[in-house]
Amino acid sequence: MAKYLNDFLFEVGISGGVEAVLHNTNRVLSERHDDGSLSMLTVDFSNSFNLVDRSTLLHEVRLRCPPISLWVEFLYGQAARLYLGDTYIWSTIGVQQGDPLGPLLFALVLHTLMHNIRDNIQLLLHAWYLDDGTLIGDLEDVAKALDIIKVIGPKLGPRMNMKKTELFYPSFEVWKLREGLFPVGIGRPSLGVKLVGGAISMDDSFISNLAIKRVPQLSDPQTKLHLLWSCMGIAKLFFRLRTCQPIHMEDAALFFDNGLRDEIKDIVVCVGPFFGDI
C-alpha cells in the first residue's frame, strides 16, 4: 500500500511524512518564489473520515487490497447501529474512529481524487497528509484542481472546508485577484500559511512567530510538576526544529530553555538558594 499510495499520500508507510511534505513544499517555494504565475493552495475537508462513501471504500479495497477485503466488508459492508440512550441511528457512511485500518481506508478513497487531478492537470507539487492537501503550480492549473476537488470530492464523501482552505501567492501580483477564478470566501494570507502544524513562508517574522506560539509554557504552580513531566519531550518544539531553518528557531529555543530552567528552580528550591549550573 505504501508503494501504491506514496505518489501523493504521505501518511501510509512513511516515517516523518508530515516533515516530508513541509520540506518539499518549502523547497519548491524557495526555488520558484520569483515566478509571478506561481500559487499554492492548501486544502482542508470537513469531518472527512465520517463522510467517506463506503461503496467506493469497499470497491477500492477489493481492487487494491484483496487479502483484507472480506474483513473490511465484514466491518463496513452493512449499516451499524449507533445507540443514543434508548434509541439508535444507522451508521451507513464513513470509517469508524479508533479503527486501526481507518487511515488506510480513507487514503484509498482519497487517492482516486488525486489520480483524477493528476490525469487532468500538471502541478509542480501535489502532496497530501490524510485530508490536508497541498497543491503548487500555475495559477490557472491550481484553480482547475480546486474545481475538480469541489466536483469529485462530494461524490467520494469528503466536502471542502472553505474556512480552512487557503490560497497563497509567493510573489504577489494584483492580476491574481481577478474575479471568478477562486471562491470569494477563500483565505488569502499574505505572509505564509500554517500547514500540518508547520510554517510555509519566505517571511522570517512569520516563521519565528509561529515557532514562539508552539513553545510550551508552565504557569500554574499546582500543575507545574505534572506539566513538566508531560512536556519534557517538547514534541512540538522539536518538530519545529526539524522543519524550520535553525536561524528562525533561536529565540524560541532560548525562550523555552529560560522558562524551563525557571520552572525547575521553582519546583526544586522554591526560588531559594543552592540552585545553579553546578
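A search of the whole predicted structure finds five aromatic pairs, where a pair means that the ring centres of Phe, Tyr or Trp (its six-membered ring) lie within 6.5 Å, with planes under 30 degrees apart counted as stacked, over 60 as edge-to-face and the rest as tilted. For F49 and F106, the ring centres are 4.5 Å apart and the planes meet at 20°, so this pair is stacked. Because F49 belongs to helix α3 (residues 48–51) and F106 to helix α6, the pair ties together parts that are 57 residues apart in sequence. Helices here are DSSP runs of H or I with at least four residues, strands are runs of E with at least two, and both are numbered from the N terminus. F49 is partly exposed, with a relative accessible area of 23%, whereas F106 counts as buried at 1%; buried means under 20%, exposed over 50% and partly exposed in between, with a 1.4 Å probe and protein chains only. Elsewhere, Y83, Y88 and W90 form one aromatic cluster. The ring of Y88 also has the charged end of R81 sitting over it, 4.6 Å from the ring centre; this requires NZ of Lys or CZ of Arg within 6 Å of the centre and within 35 degrees of the ring normal.

The model is a predicted one, in which local features need pLDDT of at least 70 and side-chain atom pairs count only at pLDDT 80 or more, while totals for chains, interfaces and linings use all residues. Residues are numbered from 1 along each chain as its sequence is written, and side-chain values use heavy atoms, with hydrogens and water left out.

Beyond its neighbours within four places in sequence, L57 is in contact (heavy atoms within 4.5 Å) with V52, V72, V95, L105 and V109. L57 is one of the buried residues of α4, together with R54, T56, L58, E60 and V61. These buried residues pack against α1 (2–5), α5, β4 (87–91), α6 and α7.

How are α4 and α6 arranged? Their axes are 9 Å apart and the helices pack at an angle of about 95°, taken from 0 to 180 degrees between N-to-C directions of lines fitted to C-alpha atoms over the stretch in contact. The two helices are therefore roughly perpendicular, a label for angles of 65 to 115 degrees, with under 35 roughly parallel, over 145 roughly antiparallel and the rest oblique. T56, L57, E60, V61 and R64 of α4 meet L105, L108, V109 and T112 of α6.

T134 lies in strand β6 (residues 132–138) and counts as buried at 0% relative accessibility. Leaving out residues up to four places away in sequence, T134 touches V21, T25, M40, L41, L125, H126, A127 and L195.
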